[in-house]
Amino acid sequence: MFSLTDASLYVAALDLWIDSLRERERCYVSHGHADHAREHGTVVTSVNSARVCRARFSRAVKYEEHGFNEPWSVGDHRLTLFPAGHVLGSSQLLIEGAGGAFVYTGDFKLARSYTCEPPEVKKCDVLLMECTFGRPQYVFPPRDEIEERIVGFATRALAGGCAPVFFAYSLGKAQEVLAILTRAGVPVTAHGAVHALARVYERAGVGLGAYEKYDARTYDGTRALIWPPSGRTRPKAAHNRSLRTAMLTGWALDPGAAQRYGVDEMIALSDHADFPSLLSYIERAEPKKVWLNHGRPDFVWHLRRLGVDAAYLEANQQLALF
Ligand SMILES: [Zn+2]
């Protein structure tokens with residue numbers, strides 16, 4: 001039995017919570033973003049997500065770490081973590097039992113990146129997937145185009161005597177833009193929170209190039225800045241250089257996004273799958289049943305029109321799986 005109980009996913013047959021936002025005795029954590037990771041008694045997660053959690057959690061917890069594609073058994077079931085391509089360490093969970101194969105995607109993307117483990121898609125009978133960008137207008141530009149826009153924004157700002165600031169989540173997006181900029185030879189300074197997690201990426205073997213840690217006393221505006229969008233403090237104009245700001249998010253495709261975010265430019269660099277990628281995932285996984293969570297419930301209708309047996313997971317719904 002699989003259920004959305006107490007606003008959290010729970011697999012009764014394994015006595016396992018999945019990405020629960022309430023602290024549990026034992027819980028699988030797909031990745032280190034705050035809307036998925038909590039300080040549970042025991043955190044079941046990938047090796048690299050454990051590194052991320054150790055850097056982010058305020059207290060020590062127990063970790064049950066698993067390598068990608070290294071299955072383990074719980075009773076009659078076989079569990080396997082495999083890469084989701086969302087941020088460093090992000091995993092999907094495959095549960096196999098007599099009743100079939102079930103996959104929970106967590107947050108994922110299929111687009112390439114410099115900083116994530118390459119995503120995989122496994123065939124399954126039942127798929128529970130996120131659908132953050134589950135509307136047809138969300139088609140992200142090709143990756144090369146996004147990189148050109150990021151590098152172009154930085155070089156134009158610097159040439160014009162301005163300091164380019166990229167707002168990007170401190171886990172994942174920030175390290176990706178860092179890698180894009182340093183590969184293009186753009187000098188980069190990272191906010192402290194971004195810098196701390198960049199070190200975790202490097203310890204996991206991800207090369208990010210050369211960058212500096214932001215210091216308000218020494219920052220002179222001649223380097224691109226990477227800043228968390230949620231940061232309470234905003235970077236200050238330095239040495240009479242005004243700021244040029246860009247927000248990196250899939251929501252860049254929404255009309256009026258720049259005004260809403262209060263930035264000069266929006267660039268659609270996303271850690272999530274866009275609409276075509278969501279469909280392509282389902283095509284490759286060939287599930288008999290698709291459950292959706294974390295996103296647009298109306299994605300269900302797009303899938304049903306395509307002949308996919310899909311439903312949105314409602315609170316307190318019990319699903320017989322095994
Ligand atoms: Zn996430």
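The legends below describe close-up views of a predicted model.

**View 1. Helix H3 and its surroundings.** Helix H3 spans residues 173-183 and is mostly covered, with 10 of its 11 residues buried. The buried positions are Lys173, Ala174, Gln175, Glu176, Val177, Leu178, Ala179, Ile180, Leu181 and Thr182. After H3 comes glycine 185, which has a positive phi, near 80°.

**View 2. The largest nonpolar core.** This core has 34 residues, and Ile150, Phe166 and Leu181 are those with the most contacts inside it. Two or more residues are given to this core by each of H2, H3, E13, H4, E15 and E16. H3 provides the largest share, 6 residues. A second, separate core has 24 residues, among them Ala84, Phe108, Leu127 and Ile282.

**View 3. The contacts of phenylalanine 166.** Residues up to four places away in sequence are not counted in this view. Phenylalanine 166 touches Ile150, Phe153 and Ala154, as well as Val177 and Leu181. Its other contacts are Ala224, Leu225, Ile226 and Trp227, together with Ala246, Leu248 and Ile267.

**View 4. Histidine 195 in helix H4.** Histidine 195 is found in helix H4. This residue counts as buried because its relative accessibility is 12%, and buried means under 20%. Leaving aside neighbours within four places in sequence, histidine 195 is in contact with Ala190, Tyr211, Glu212 and Lys213. The C-alpha atom of histidine 195 is separated by 23 Å from that of aspartate 107, and the two residues are 88 residues apart along the chain.

**View 5. Aspartate 15 in a loop.** Aspartate 15 is found between strand E2 (8-11) and strand E3 (16-18). Its phi is near 50°, a positive value in a residue other than glycine. With a relative accessible area of 49%, aspartate 15 is partly exposed.

**View 6. Asparagine 69 in a loop.** The loop that holds asparagine 69 runs between strand E6 (62-66) and strand E7 (72-74). Asparagine 69 is not a glycine, although its phi is positive, about 55°. Its relative accessibility is 33%, and asparagine 69 therefore counts as partly exposed.

Terms used
Residues numbered from 1 in each chain as written. Predicted model: local features only at pLDDT ≥ 70, side-chain atom pairs only at ≥ 80, totals over all residues. Heavy atoms only, no water. Buried < 20%, exposed > 50% of the residue type's maximum accessible area, 1.4 Å probe, protein only. Helix = DSSP H or I, 4+ residues; strand = E, 2+ residues; numbered from the N terminus. Contact = heavy atoms within 4.5 Å. Core = buried A, V, L, I, M, F, W, Y, C linked by side-chain atoms within 4.5 Å.
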